[in-house]
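The stops below go from side-chain pairs to a pair of helices.

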Amino acid sequence: MRRYKAIVGVLIAAIASFLVSCGGSTEAVAPTYTPEKISQLTSYVTRLESKRDRFPELLNYIEKDNWVNVDNFTHGPLGQLRAELLRLSNQLLPNDQPKAKALSEEILGHLQNLDEASQDRNYGKALSQYREFVGDFEALLDIVPEGARKQAIEEAESEPVSSVDETTTTMPAE
């Protein structure tokens, strides 16, 4: 009887091992953007696109050595950029998040350097930091899914975002 129990135990273990090894593994599905995620991304990208549309204004202030407006612009319209970049980065796919967060830090570093250059009234440094700022900003937006970016651009064109950020000091004509 003992021998019979031992054989049955070994037989059950062998069958269990066979079933577990033959069980089909579920293939991992790559993460994708849901419609809700696209909607959230579109909201963030719309705000960022509206800021990007105003970058030439900042360049104009730098080129005219209008350091007061450079300072006002970096603290006004671009003042909430840190929070917006963080929100956008956190909504991207896990594989894209590290690159987006690194680019966000680069963008904010260039903005800080631009602010310092405006305080020092250093045209060369300000222009250099502006170019790097714009380049990294574009690289970050390139990470965003095409559908969300197109939808954001269409929304921005149909309904311009109005906010307090759209006010700056005007320079008298020379």
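A salt bridge here is a side-chain nitrogen of Lys or Arg within 4 Å of a carboxyl oxygen of Asp or Glu. The model is a predicted one, and by this rule it has five salt bridges.

Select R54 and E57 to start. Their side chains form a salt bridge, with N and O 3.0 Å apart. R54 counts as buried, at 13% relative accessibility, because buried means under 20%. E57 is partly exposed, with a relative accessible area of 23%.

The crossing of α3 past α4 is left-handed. To see the contact, show E57, L58, Y61 and I62 in α3 together with W67, N69, V70 and F73 in α4. Six of the contact residues are nonpolar, one is polar and one is charged.

Next, select R52 and E138. Their salt bridge has its closest N and O atoms 3.5 Å apart. It links distant parts of the chain: R52 lies in helix α2 (residues 35-52) and E138 in helix α7 (residues 123-143), 86 residues apart. R52 is partly exposed at 23% relative accessible area, and E138 is partly exposed at 24%.

Finish with E116 and K125, whose side chains meet in a salt bridge at 3.8 Å, N to O. Both are partly exposed: E116 at 30% and K125 at 29%.

Definitions and conventions:
Residues are numbered from 1 along each chain as its sequence is written. This is a predicted model: local features need pLDDT of at least 70, side-chain atom pairs count only at pLDDT 80 or more; totals for chains, interfaces and linings use all residues. Side-chain values use heavy atoms; hydrogens and water are left out. A crossing is left-handed if the near helix is turned anticlockwise from the far one by less than a right angle, and right-handed if clockwise. Helices (H or I, at least four residues) and strands (E, at least two) are DSSP runs, numbered from the N terminus. Contact means heavy atoms within 4.5 Å. Ala, Val, Leu, Ile, Met, Phe, Trp, Tyr, Cys and Pro count as nonpolar, Asp, Glu, Lys and Arg as charged, and the others, Gly among them, as polar. Buried means under 20% relative accessible area, exposed over 50%, partly exposed in between (1.4 Å probe, protein chains only).
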